[in-house]
Amino acid sequence: MSAKRPNVSAGLLLFRRRAGALELFCAHPGGPFWTDRDAGAWTLPKGIVEVDEDLLAAARREFEEETGVQPVGPFIPLGSIRQKAGKTVHAWAWEGDADPERVTSNVMRSEWPRNSGQWITFPEVDRCAWFDPQTARAKLNPAQAEFVGRLEAALEEEAREESGRTT
């Protein structure tokens, strides 16, 4: 078993542009704890980074494990955030497409209810969906919502640079 970096995760935010509008691909965690939770419960596909693992490599691995979709760069760095429980999440964005109906997730095993001695297995991600930025901010873990604004700023900067080259 490989060693993990405690409280350090890495993930990817997939985005696409449809009819000039930005859409973001978010994941809903699987398992009984998350079943009836929606606002603030969604996440970008992410996971724990192994000791000595490159952060972007971990983000790419986790995205594929949790969605079955192989991420393809280029990747836009979005920096890191610290979640309420203390976990630091490093993120990148990439432009592409995915069919939420075809998502396949790895499974995890957890004791449920906690301290009951009963173990259950369930998909780490039970569903994914595309959201506009405003909806994504409401659905995502509050700290992760910061990544939406960072992506929007990066895309605006990219557009300004493009228009500067064409004039």
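1. Cys128 has a relative accessibility of 7% and counts as buried (buried is under 20% relative accessible area, exposed is over 50%, and partly exposed lies in between, with a 1.4 Å probe and protein chains only). Cys128 is in no disulfide. The nearest cysteine sulfur belongs to Cys26, 8.5 Å away. Cys26 is buried too, at 0% relative accessibility. The disulfide count is zero, where a disulfide is a pair of cysteine sulfur atoms within 2.5 Å.

2. A word on the basis. This is a predicted model, in which local features need pLDDT of at least 70 and side-chain atom pairs count only at pLDDT 80 or more, while totals for chains, interfaces and linings use all residues. Residues are numbered from 1 along each chain as its sequence is written, and side-chain values use heavy atoms, with hydrogens and water left out.

3. Next, the nonpolar cores. A nonpolar core is a set of buried Ala, Val, Leu, Ile, Met, Phe, Trp, Tyr and Cys residues joined through side-chain atoms within 4.5 Å. The largest one has 22 residues. Phe15, Leu24, Leu78, Phe147 and Leu151 have the most contacts inside this core. At least two core residues come from each of β1, β2, β4 (76-82), β5, β8 (125-131) and α3. Helices (H or I, at least four residues) and strands (E, at least two) are DSSP runs, numbered from the N terminus. The top contributor is α3, with four residues. A second, separate core has 19 residues, among them Val8, Leu12, Phe25 and Ala58. In general, nonpolar side chains of soluble globular proteins tend to be buried together.

4. What does Phe15 touch, leaving out residues up to four places away in sequence? Its contacts (heavy atoms within 4.5 Å) include Leu22, Glu23, Leu24, Ile76 and Ala93. Trp94, Glu95, Gly96 and Trp130 are also among them.

5. Salt bridges come next. The count is 14, taking a salt bridge as a side-chain nitrogen of Lys or Arg within 4 Å of a carboxyl oxygen of Asp or Glu. Glu95 pairs with Arg17, with the closest N and O atoms 2.9 Å apart. This pair links distant parts of the chain, 78 residues apart. Glu95 is in strand β5 (residues 88-95) and Arg17 is in strand β1 (residues 4-18). Glu95 is partly exposed at 42% relative accessibility. Arg17 is also partly exposed, at 39%.

6. Another salt bridge joins Lys139 and Asp38, at 2.5 Å from N to O. These two are 101 residues apart. Lys139 is in helix α2 (residues 133-139), whereas Asp38 is in the loop between β2 (21-29) and β3 (46-50). Asp38 is partly exposed, with 31%.

7. A local case: Glu65 forms a salt bridge with Arg61, and the closest N and O atoms are 3.5 Å apart. The two are separated by about one helical turn because they are four residues apart in helix α1 (residues 55-67). Glu65 is partly exposed at 31%, and Arg61 is partly exposed at 22%. Elsewhere, salt bridges with shared partners join Arg16, Arg18, Glu23 and Asp97 into one network.

8. Now the aromatic rings. There are five aromatic pairs. Rings of Phe, Tyr and Trp (its six-membered ring) pair if their centres lie within 6.5 Å; planes under 30 degrees apart are stacked, over 60 edge-to-face, and the rest tilted. Phe33 and Trp34 form an edge-to-face pair, because their planes stand at 85°, with ring centres 4.9 Å apart. Phe33 is partly exposed at 32%, and Trp34 is partly exposed at 28%.

9. Trp42 and Phe131 also pair edge-to-face, with planes at 90° and centres 5.1 Å apart. They are 89 residues apart, Trp42 in the loop between β2 and β3 and Phe131 in strand β8. Both residues are buried: Trp42 at 4% relative accessibility and Phe131 at 11%. Ring pairs also link Phe25, Phe63, Trp94 and Trp130 into a cluster.

10. Finally, charges over Phe33. Arg37 lies over the face of Phe33, 4.0 Å from the ring centre. The charged end of Arg114 sits over the ring of Phe33, at 5.8 Å from its centre. The rule asks for NZ of Lys or CZ of Arg within 6 Å of the ring centre and within 35 degrees of the ring normal.
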